[in-house]
Amino acid sequence: MLQKVRMFSRNICRSRRKVTLILVPLLLLVTYSCRKEIRPEKGGLDLISNVYLDASKGLDNVQNFHISRMNYSGSNLIELIPDLTFPEVTENIYYIKDSICYKVGLENSGSAILSDLSKHQRALLVSKKKEGALFSDEWIPNYLHRKNISDTVLFNKKYRRFEVNSAKSFSRYYIFPTDTILPYSIYRHAEIDYGGRLERIDSYNKDKDIFVTLQLLPRKNWDEEASEIFEFNEFVKKKK
């Protein structure tokens, strides 16, 4: 009789574990599906990096790079590639749509018809683009071994954080909690996991003694060059 009672108790415990294991994924699925993503109609993004050489000796030896000025209208992106020496000068312009991109050209950028670019040039996969913002589906190295750390406040914004440590490097990631989803993200998989937007990465190369910060700065307005392209194409579209 005692053995039957024990067997009955074990079966109840197993059933409870099964129910729990089933309910947890369901609750996560319901929570995620209820989270509404907001996609803004227009705006811009700046990708900026600061590189500190001989970081262990101080942060005075620094180089600043304006990597990319992205402007979006819906899912359409106009990316301006600044000259690394003279950031106010645009070196190249790309039109990005989904997973492909085209070079717009500097000379006739104000009169470029975006829908006609495919007639004159071969599309380039954004993952193959070697300048400006990089588009990649790869995961953060050693992401599965990350460590969550306490939240912090930078520039009056509260960030969730995690860090990844390895033999050769140490990196810290800052995620701003928001439902607003932009058409570009540095590491989308981390944004999904932490429910926000990855806006900053601090990395230290232990071998080369180099400290690098990478910042994604959202803004509401377009650059003047991008504004001309978007407005001209809207005019052409209405005229048709």
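The side chains of Arg69 and Asp223 meet in a salt bridge, with 3.4 Å from N to O; a salt bridge here is a side-chain nitrogen of Lys or Arg within 4 Å of a carboxyl oxygen of Asp or Glu. Arg69 lies in strand S2 (residues 62-73) and Asp223 in the loop between strand S11 (210-219) and helix H4 (224-239), so the pair ties together parts that are 154 residues apart in sequence. This is a predicted model, where local features need pLDDT of at least 70 and side-chain atom pairs count only at pLDDT 80 or more, while totals for chains, interfaces and linings use all residues. Residues are numbered from 1 along each chain as its sequence is written, and side-chain values use heavy atoms, leaving out hydrogens and water.

**Salt bridges**

- Side chains of opposite charge can pair when their charged atoms come close.
- The count comes to 13 salt bridges.
- Arg69 and Asp223 are both buried, where buried means under 20% relative accessible area, exposed means over 50% and partly exposed is in between (1.4 Å probe, protein chains only).
- Asp46, Arg69, Arg219, Asp223 and Glu225 are linked in a network of salt bridges.
- Another salt bridge joins the side chains of Glu79 and Lys129 at 2.9 Å, N to O.
- Glu79 sits in strand S3 (residues 76-82) and Lys129 in the loop between strand S6 (124-125) and strand S7 (147-154), so this pair ties together parts that are 50 residues apart in sequence.
- Glu199 and Arg197 also meet through their side chains, at 2.9 Å from N to O.
- Glu199 is buried at a relative accessible area of 3%, and Arg197 counts as buried at 9%.

- Glu191 belongs to helix H3 (residues 188-194) and is buried, with a relative accessible area of 5%.
- Beyond residues up to four places away in sequence, Glu191 touches Ser185, Gly196, Arg197 and Leu198; contact means heavy atoms within 4.5 Å.
- Ser109 lies in the loop between strand S5 (100-103) and helix H2 (117-120) and is buried, at 10% relative accessible area.
- Leaving aside neighbours within four places in sequence, Ser109 is in contact with Ile93, Val104 and Ile229.

**The whole chain**

- The secondary structure comes to four helices and 11 strands; these are DSSP runs, numbered from the N terminus, with helices (H or I) of at least four residues and strands (E) of at least two.
- Buried residues make up 35% of the 240 residues in the chain.
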